[in-house]
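Here's a quick walk through a two-part question: how do the pieces of this chain meet, and what surrounds one particular residue? Have the model open while you read.

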Amino acid sequence: MGKTDLRVLGDTPLNAEPPCLVELTRHTITPLHLVYARNHSEIKNLASEADTYTVKIDGEMEGMQEKTLSVKDMIVYFPRIEVVATLICAGNRRAKMQEKTGKAVRGILWSEGTIANARWAGVPLRDILIAAGVSEQEDAQRGFHVCFVSAVAPCQDDTDYGGSIPLEKAMAKDGDVMLAYEMNDEPLTPDHGFPLRVVVPGYFGMRWVKWVDRITISRKESPNFYQQRDYRMLPECVSSAEMANKEDWWGRTPAMQELNCNSVVAHVQCLTDSCPDQKTLKATGYAYSHSPISRVEISADGGETWHEARITYQEGRWSWSLWECELKVDIDLDALELASPGRKNGRSKTKITVISRAFDESGSAQDTNCRWNLRGVGFCGVGDASVEVFQG
């Protein structure tokens with residue numbers, strides 16, 4: 001499968017996702033051809049500029065000195081680190097939100113495939129900032145933000161793309177925030193930020209700025225459109241962009257940063273077909289959070305009873321979790337005939353829906369209520385998928 005085999009939802013700029021969750025979740029580390037594409041601008045091929053590409057570091061913190069570093073400088077003079085971390089679009093599952101609420105959302109109707117688990121390599125952002133004079137004292141870092149900018153190409157809603165994260169996150173020794181130049185043991189490709197991008201494990205992907213060329217320490221969050229007037233979970237009462245602007249809901253609602261606890265059912269299959277009144281189902285899926293997943297549970301009776309799934313993959317603190325679970329489901333044969341409009345080889349059928357919920361090590365739980373927001377971001381209602389079963 002090549003990059004063109006992604007399901008394209010927009011050509012200019014390119015926005016596309018893998019069409020099949022079953023194929024996506026077969027891989028612990030997402031291969032390049034299954035990594036979704038999310039862009040607010042055209043994709044720039046900077047291969048000819050790789051040797052001269054630089055990043056400017058500046059800011060208003062006392063003791064800082066403006067620095068300009070090339071990617072070559074970073075590779076030579078700073079340590080290399082690797083981390084497995086999941087990249088997730090804030091609009092992942094947006095189409096599901098619209099389907100479940102029956103209310104239109106503003107944005108690309110992503111399904112549940114705007115997620116990729118990759119092995120990233122680069123230089124620690126903490127070390128870069130220390131070299132520029134940022135204090136290592138936690139008290140001195142409070143109240144500051146790290147603002148990232150990419151001026152490589154004009155964006156849909158701003159002259160450049162930008163975003164920011166709290167300085168404490170960037171400076172945390174165990175935060176693993178980096179300026180990455182490799183993905184899955186290969187140099188970044190142009191559509192994923194070559195030659196340099198930000199990686200912020202545990203945060204939504206819009207903060208992982210691609211083609212980053214300026215980093216500024218500021219007492220204020222990034223002034224960029226994508227920090228100030230997008231990627232915020234506005235309250236349900238905000239029903240239009242006009243209302244959001246007029247009543248300043250953008251300024252009253254915090255910018256999204258940390259991942260929420262979430263899970264998705266990628267596939268459900270029936271393993272037994274001979275027994276008329278009991279079926280064995282197998283469900284598989286993924287889960288993620290800002291903290292390692294501790295447990296995933298599934299239910300085939302609308303949440304009346306839950307069964308713990310087996311986590312089959314989780315690597316380090318920041319990867320996604322892949323899970324699977326088998327469970328036996330009793331079939332009400334009397335209800336089967338009434339509920340079955342279709343038949344296969346003379347057998348009645350019914351549909352069973354499996355739902356999922358996740359929990360993480362920090363104590364967070366998936367907020368399974370199906371709440372709507374105008375931009376359709378951060379949706380974490382129950383994961384769900386259905387399977388048809390036939391009378392034996």
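Predicted model: local features only at pLDDT ≥ 70, side-chain atom pairs only at ≥ 80, totals over all residues.

The chain splits into domain 1, covering 7-251, and domain 2, covering 262-390. Taken over C-alpha atoms, the centres of the two domains sit 31 Å apart. Where the domains touch, domain 1 brings 48 residues and domain 2 brings 32 residues.

How much area is buried between domain 1 and domain 2? The figure comes to about 3,600 Å², with carbon and sulfur atoms giving 61% of that. Over on the domain 1 side, T25, R93 and M97 are the residues that lose the most area to domain 2, and together they account for 19% of what that side buries.

Five salt bridges turn up across the interface of domain 1 and domain 2. As for polar contacts, 23 residue pairs make them across the interface, both partners being at pLDDT 80 or more. Four elements, α1 (21-24), β5 (81-88), α3 (94-101) and β6 (115-124), each supply at least two residues of the domain 1 side that touches domain 2. Sorted by class, that side of domain 1 has 20 nonpolar, 14 polar and 14 charged residues.

Now for the serine. S299 is part of strand β15, which runs over residues 293-299. Is S299 buried or exposed? S299 counts as buried because its relative accessibility is 0%, and the cut-off for buried is under 20%.

Leaving out residues up to four places away in sequence, S299 touches E304, T305, W306, T353, V354 and I355.

| Side chain | Backbone atom reached | Distance |
|---|---|---|
| S299 | nitrogen of G303 | 2.9 Å |
| S299 | oxygen of T305 | 2.8 Å |

So what does the S299 side chain reach on G303? That would be the backbone nitrogen, at 2.9 Å. With T305, the backbone oxygen lies 2.8 Å from a polar atom of the S299 side chain, and T305 is also among the residues that S299 touches.

Conventions. Residues numbered from 1 in each chain as written. Heavy atoms only, no water. Domains from an automatic or database assignment. Contact = heavy atoms within 4.5 Å. Buried area = accessible area lost by both parts, 1.4 Å probe. Salt bridge = Lys/Arg side-chain N within 4 Å of Asp/Glu carboxyl O. Polar contact = N/O pair within 3.5 Å; in protein donor to acceptor, adjacent residues only side chain to side chain. Nonpolar A, V, L, I, M, F, W, Y, C, P; charged D, E, K, R; others polar. Buried < 20%, exposed > 50% of the residue type's maximum accessible area, 1.4 Å probe, protein only.
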